[in-house]
Amino acid sequence: MPSPEPPDVGELLRRLAEAGVEFIVVGGAAAVLHGAPITTEDLDIVHRRSPENVSRLKTLLDELDARVRELADRRLPPQESALLGDGHVLLSTNLGPLDCLGTLIDGRGFDELIFHSETIKDEGVEFLVVDLPTLIELKTKSGRAKDRLMLPVLVAVAEQLDDSKR
């Protein structure tokens with residue numbers, strides 16, 4: 001049964017990478033991976049929407065007992081057609097909430113964001129994370145209260161990283 005617990009981000013990332021899914025971490029998890037002292041309630045990813053990649057993602061989601069959130073407890077599994085689209089597929093899994101995003105608020109998908117991402121290697125697992133300047137830009141554009149609250153933290157992290165490079 002899918003869990004309402006915060007995600008096991010490390011395990012979700014490991015499973016996605018091991019399944020060969022092409023994705024970029026965005027949202028709160030990206031902020032955490034850049035060193036922001038915050039918590040997150042889910043793992044947000046932008047996945048490549050090719051049929052082959054979506055097939056790998058769907059296979060993993062089935063293994064994780066993924067179900068679409070907020071559908072009156074109907075326990076519907078995600079559909080490949082939805083994962084191929086540019087919308088958001090918000091899921092509960094047995095490792096916690098996972099949001100699979102076709103595109104972001106500004107319309108950018110995997111192919112556009114790859115040029116604004118960096119590779120992180122953690123405990124032998126390699127994956128892409130949206131870079132900090134782009135994350136700040138995205139949080140600024142979203143207009144959501146929780147993103148506005150996160151902005152000063154992200155800007156401080158960016159300034160701290162700039163200072164350490166000097």
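This report walks through a predicted model of one protein chain, from its overall build down to a single residue.

## Before you start

Residues are numbered from 1 along each chain as its sequence is written. Because this is a predicted model, local features need pLDDT of at least 70, side-chain atom pairs count only at pLDDT 80 or more, and totals for chains, interfaces and linings use all residues, while side-chain values use heavy atoms, with hydrogens and water left out.

## The whole chain

The protein chain has seven helices and seven strands; these are DSSP runs numbered from the N terminus, H or I over at least four residues for helices and E over at least two for strands. Along the sequence they come in the pattern α-β-α-β-α-β-α-β-β-α-β-β-α-α. The radius of gyration is 15 Å, close to the 15 Å that the globule rule gives for 166 residues, so the chain is as compact as a globular protein of that length. (That radius is taken over C-alpha atoms, and the rule is 2.2 Å times the number of residues to the power 0.38.)

Of the 166 residues, 46% are buried, meaning under 20% relative accessible area with a 1.4 Å probe, protein chains only.

## The sheet

Seven strands make an open sheet in the order β3-β4-β5-β2-β1-β7-β6, with mixed pairing; two strands pair if DSSP finds at least two bridges between them. β3 (67-68) and β6 (117-122) stand at the edges with a single partner strand each, so one side of each has no neighbour in the sheet.

β6 and β7 (residues 125-130) run antiparallel and are joined by six bridges, with S117 opposite V130 in β7. Helix α3 (residues 51-63) packs on the sheet, where it touches β2 (43-47), β4 (88-93) and β5 (96-101). Touching here means heavy atoms within 4.5 Å.

## A helix with a buried face

Now for helix α1 (residues 9-18): V9, L12, L13 and L16 are buried in it. Looking down the axis of α1, the buried residues fall within an arc of 95°, so they line one face of the helix; the arc is that of the directions from the helix axis to the C-beta atoms. An α-helix has 3.6 residues a turn, so residues three or four places apart point the same way. After α1 comes G20, with a positive phi near 75°.

## One residue up close

Leaving out residues up to four places away in sequence, L101 touches V26, D44, I45, V46, H47, G87 and H88.

Terms used: Buried means under 20% relative accessible area, exposed over 50%, partly exposed in between (1.4 Å probe, protein chains only). Axes are lines fitted to C-alpha atoms, for helices over the stretch in contact, and angles run from 0 to 180 degrees between N-to-C directions.
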